[in-house]
Amino acid sequence: MNKRLWIATATAATAALALTACGSSGGSGSGSAADGTTTIKVVAADYGSNGQNPSQAYWDGVIQAFQQANPKIKVDLQVINWNDISAKLATMVQNKQYPDVVEGPGYASFAQNGLLYGANDLLDPAVQSDLVPALAKAGQQNGTAYGIPFVSSSRAFLINNALWQKAGLPMSGNQAVAPKTWADVETDAKALKAAGVEVPLGLPLGSEEAQAESFMWEMNNGGGYTDAGGKWTVNSAANVATFQQLGKWVDAGLTEKDPGSVKRTDLYADFASGKVGMLNGMPTQLDDIKKNNLQVTWAALPTAQAGGTPQTLGVGDWIYGFKPGGHAAQIKAFLNFAFQKDNQVKFDEEYNLLPVTKSAITQVQTDVPALVPFLNALPAAQFVPVANPAWDTVNSQVKTQIGGALKDPQGVLDTLQKAASTAGQ
């Protein structure tokens with residue numbers, strides 16, 4: 001998307017409020033200069049697609065406006081590719097080169113180790129009350145909010161209508177009659193394969209986001225990473241059965257040849273070019289769908305059995321503040337500015353992501369009607385267990401190992417279960 005990035009302008013009242021906050025607690029850490037200016041380090045994930053429309057420009061605009069309103073606070077920004085940010089952040093923390101603010105991956109292990117401020121230290125009550133409750137709750141660890149939701153997303157089942165019609169599959173008006181069960185998925189995938197579709201069912205289980213793809217199939221078979229009490233259930237019978245079924249589809253040639261090596265963004269590009277019949281999709285695909293003039297159907301994720309209630313994935317990316325620099329007041333000023341409605345709406349609409357504040361949702365519903373189905377799904381969506389400190393370990397291992405579960409479901413899931421149960425001990 002090549003939209004001209006907007007630079008926010010702060011009101012005098014906002015500036016005064018931020019400056020007052022900055023004077024309320026010490027900011028004399030290593031980031032403070034002799035003239036009273038404090039520099040905070042912000043590390044943010046890049047949401048640009050394959051290097052296009054990078055997030056650097058968005059944050060540069062916000063920071064420029066923030067610094068104009070808060071001349072005693074300077075922001076040192078580092079934007080890191082989404083696939084690399086977790087590893088680079090872990091290295092920073094290991095070397096005690098702590099940033100002040102991070103926007104992107106999970107917070108749980110940092111919170112467990114006492115490195116993070118609580119949300120009450122970093123956000124005004126009015127901003128906290130504007131957060132979507134389900135997302136705010138997902139940012140809590142042991143009853144305290146450390147991870148502040150910054151952007152969200154949900155998922156839906158996506159079908160290329162032209163390929164659907166080519167395969168002679170049923171349509172209702174201009175919409176595909178989407179599969180409701182896994183048996184339907186198999187029948188439809190076989191028809192797509194017979195019609196010459198290169199990838200009937202897209203299944204990205206590569207290192208980019210295998211943990212989310214796995215979870216969508218697992219929870220629609222009554223499985224998931226944990227039970228209602230938070231106990232790890234990675235190797236549950238439901239999850240083993242899920243990968244047994246996925247493996248059968250791979251062996252039958254209904255998916256890519258090696259889903260364990262396929263990244264989500266690459267599969268989305270293949271869908272946009274007309275090579276993929278159906279997959280679990282997300283709102284970031286809307287631009288490519290429009291650009292390629294694709295006619296598509298969005299539907300609920302199919303369930304393993306007839307009569308099941310479709311479940312969808314909710315995703316929250318987080319923003320949080322590190323304690324070691326001692327810059328709570330400066331971080332608070334910056335975050336309150338970043339959560340202003342116009343800044344939130346701009347980011348969400350730039351990348352076809354979902355807002356985390358109720359005020360921004362109202363605006364985005366009007367501005368981008370295509371996002372409304374995803375917004376409607378968000379309150380009931382299920383989240384991976386991001387608040388569990390062991391999730392960082394489980395997440396990284398799922399990303400690199402879960403593809404092997406297509407051949408050896410029990411063995412691989414047993415290994416992941418052991419890693420989950422022993423992480424942090």
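The backbone oxygen of Gly325 lies 3.2 Å from a polar atom of the His327 side chain. This is a predicted model, in which local features need pLDDT of at least 70 and side-chain atom pairs count only at pLDDT 80 or more, while totals for chains, interfaces and linings use all residues. Residues are numbered from 1 along each chain as its sequence is written, and side-chain values use heavy atoms, with hydrogens and water left out.

The side chain of His327 also makes a polar contact with the side chain of Asp100, at 3.0 Å. A polar contact is a pair of N or O atoms within 3.5 Å; within protein, one must be able to donate a hydrogen and the other to accept it, and residues adjacent in sequence count only if both atoms are side-chain atoms. His327 sits in the loop between strand E13 (314–321) and helix H14 (328–338). Helices (H or I, at least four residues) and strands (E, at least two) are DSSP runs, numbered from the N terminus. His327 has a relative accessible area of 2%, so this residue is buried. Buried means under 20% relative accessible area, exposed over 50%, and partly exposed in between (1.4 Å probe, protein chains only).

Helix H2 covers residues 55–69, 15 residues in total. From its first C-alpha to its last, H2 reaches 22 Å, close to the 21 Å expected at 1.5 Å a residue. The expected span is 1.5 Å times one less than the number of residues in the helix. Several residues of H2 are buried, among them Tyr58, Trp59, Ile63 and Phe66.

Aromatic rings form a further theme. A search of the whole structure finds 24 aromatic pairs. One of them joins Phe66 and Phe337: the ring centres are 5.6 Å apart and the planes stand at 65°, so the pair is edge-to-face. Rings of Phe, Tyr and Trp (its six-membered ring) pair if their centres lie within 6.5 Å; planes under 30 degrees apart count as stacked, over 60 as edge-to-face and the rest as tilted. Phe66 lies in helix H2 and Phe337 in helix H14, so the pair ties together parts that are 271 residues apart in sequence. Both Phe66 and Phe337 are buried. Ring pairs also link these two residues into a cluster, whose members include Tyr47, Tyr58, Trp59, Trp82, Phe150 and Tyr351.

The next element is a sheet. Strands of a sheet pair through backbone hydrogen bonds, either parallel or antiparallel. Here an open sheet of four strands has the order E10-E11-E7-E12, with mixed pairing. Strand E10 (199–201) and strand E12 (296–299) are the edge strands, and each pairs on one side only. On average, neighbouring strands of this sheet are turned by 25° against each other, direction ignored. Two strands pair if DSSP finds at least two bridges between them.

Strand E7 (residues 156–160) and strand E11 (residues 276–281) pair in the antiparallel sense over four bridges. Within this pair, Ile159 stands opposite Met278 in E11, and Ala156 stands opposite Gly281. E10 and E11 pair in the parallel sense, over two bridges. There, Leu201 stands opposite Met278 in E11. E11 is mostly covered: six of its six residues are buried.

Helix H12 (residues 264–272) packs on this sheet, touching E7, E11 and E12. Contact means heavy atoms within 4.5 Å. The direction of H12 makes about 135° with that of E11. Axes are lines fitted to C-alpha atoms, for helices over the stretch in contact, and angles run from 0 to 180 degrees between N-to-C directions.

Asn120 is placed in helix H5 (residues 119–122). Its relative accessibility is 62%, so Asn120 counts as exposed. The Asn120 side chain makes a polar contact with the side chain of Gln128, at 3.1 Å. Asn120 and Ala145 are 25 residues apart along the chain, with their C-alpha atoms separated by 7.7 Å.

Backbone angles complete the description. Lys96 has a phi near 60°, a positive value in a residue other than glycine. Lys96 lies in the loop between helix H3 (82–94) and strand E3 (101–104). With a relative accessible area of 62%, Lys96 is exposed. Asn352 also has a positive phi, near 50°. Asn352 lies in the loop between helix H15 (341–351) and helix H16 (358–367). Asn352 is buried, with a relative accessible area of 5%.
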